[in-house]
Amino acid sequence: MKKKTVLAMLIMCMAFSSAACGNEKEGSTAQTEETAEGETGGNETEGASEDGEEAEKVRLVSVSDVSDYVTIGTYKGLELDNIVQPVSDEDVEAEIEYRLQDSSEEVTDGTVEEGDFATVNFTGTIDGQDFEGGTEEDYDFTVGDSGMVSDFDNGVIGMKKGETKEVTVAFPEDYYDPAVAGKTAVYEITLQKFTRAPELTDEWVAENSDVKTTDEYRQAVKAELEENANEMAKLDLYASAWTMVLDASEVKEYPQEDLDAAVQAYKDLNDQYIQEAGMDMSEFLESQGITEEEYEEECTRYAEAKVEQNLIVQGIMDQEGLSFEDQETQELQGQLIQEYGVTDINQMVEIYGQQEVNESLALLRVEKFIVDNATIDEKVGGGDDLAENEDAVTENEAYDTGIEGDESGDYADAGADDMEMEETDDVVVEE
């Protein structure tokens, strides 16, 4: 399979739609006139408000009756598993080790010890001759875990900041690089600097957390990891719910207006990438190993996937009376703004565009509806057999999402792929 930036961008865009983003501007999710006037994708005027101004009804597609274009699969009464991965003591210790490393401080006096994080310059020679890969500047590594021959790490142990020394390194016969396997190299190493992680003590815990002892800290870290595990399980739950509906649905026909708009949006995205990369289209196509015809096919596939999603989401919203203005949608929107660390919805719109924001929040609202109307079997992962997970359910049998005051099962499908969102201020809804 060819490595294609086009395909990677497609995945990114679709993941963003799966992740969904929302808006939280004075409790309103209605589009501003300025943005609405410039959007494609079927934002229709629904009527006039009491003060005579037209109120905008946000729609994801240009058609009023999606049933002419798509057959939507069953989306109520699904049977879903919510699988939460358990947190082991090893997971807790690994997380604590990571946090300690993150709190490392530079050591100006003293010598390097195993486990320190060092920055060195080195030049290696074999029989007095330089060799490929034998010279580096500002090489960072954890001493004792550099990935190089152990002689190299052992040679750095005991060095002082600014010191230069020669270290003899014997490459084993089975070394992965045949050019140096079985040979002996001499490295001239200069230690630029090194940092050391603190030890886990009651004193460190008291200074760097809300608890006072190492035992309490381990308990707190475990609780955080368990909360994260619950959140990740909800992401998977929402993704699974949507995938089941998507797989059970079938497009009869793509509305041409929406298809054209999606193709153009995708091309605009690629054009932006091409421009930022300092390339023209021919250079871009060559870099991806695709022809212009294959590129057009890629754009069409993206557009069809996008329009299919919008048709299904819009159809469910129409059928169930869901809207951008309902309370649950606005709560989801505010949650996403907080989770992605943005000021408000306008930051998201500035980065991804109004239509993308609308699509994402609508998808999230529909996923929530599907999950709320499903039968959920709570499980604990980590083995061939899944155990019942009673702790994942609240007293009133709603899902414990970890969101304060939320017992409804609300949660954002972040698409897991990690689609990372960034920024937006006063408008509507969407990696």
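## Loop, helices and charges

Glu-173 is placed in the loop that runs between β8 (164-170) and β9 (184-196), where helices (H or I, at least four residues) and strands (E, at least two) are DSSP runs numbered from the N terminus. With a relative accessibility of 68%, Glu-173 counts as exposed; buried means under 20% relative accessible area, exposed over 50%, and partly exposed in between (1.4 Å probe, protein chains only). Glu-173 and Lys-183 are ten residues apart in sequence, and their C-alpha atoms are 7.8 Å apart in space.

The model is predicted, so that local features need pLDDT of at least 70 and side-chain atom pairs count only at pLDDT 80 or more, while totals for chains, interfaces and linings use all residues. Residues are numbered from 1 along each chain as its sequence is written, and side-chain values use heavy atoms, with hydrogens and water left out.

The chain holds twelve helices and twelve strands, and 42% of its 431 residues are buried. Its accessible surface comes to about 22700 Å², with 42% of this belonging to carbon and sulfur atoms; the areas come from the Shrake-Rupley method with a 1.4 Å probe, and for residues only the protein chains shown count as cover.

There are 17 salt bridges in the structure, each defined as a side-chain nitrogen of Lys or Arg within 4 Å of a carboxyl oxygen of Asp or Glu.

| Pair | Closest N and O atoms |
|---|---|
| Arg-59 and Asp-318 | 3.1 Å |
| Glu-298 and Arg-301 | 3.1 Å |
| Lys-306 and Glu-359 | 3.0 Å |

Arg-59 is buried at a relative accessible area of 3%, whereas Asp-318 is partly exposed at 35%. Glu-298 and Arg-301 both lie in helix α9, three residues apart, which is about one turn of the helix. Glu-298 is buried at 4% relative accessibility, while Arg-301 is partly exposed with a relative accessible area of 43%.

On the surface, Asp-202, Glu-203, Glu-207, Asp-215 and Glu-216 gather in a patch of negative charge, a patch being made of residues with over 30% relative accessible area and no salt bridge, with like charges joined within 9 Å. Helices α5 (202-208) and α6 (214-248) each supply at least two residues of this negative patch, and α5 gives the largest share, three residues. Asp-215 has its place in helix α6 and is exposed, with a relative accessible area of 52%.

In helix α8 (residues 281-288), the residues Phe-284, Leu-285 and Gln-288 are buried. They lie on the same side of α8, because they cover an arc of only 95 degrees around the axis, the arc being that of the directions from the helix axis to the C-beta atoms. Helix α8 is followed by Gly-289, which has a positive phi near 70 degrees.

Definitions and conventions
Patches are made of residues with over 30% relative accessible area and no salt bridge: like charges are joined within 9 Å, nonpolar side chains (Val, Leu, Ile, Met, Phe, Trp, Tyr) within 5 Å. Lys and Arg count as positive and Asp and Glu as negative; His and the chain ends are not counted. The place of a charge is taken as NZ of Lys, CZ of Arg, CG of Asp or CD of Glu.
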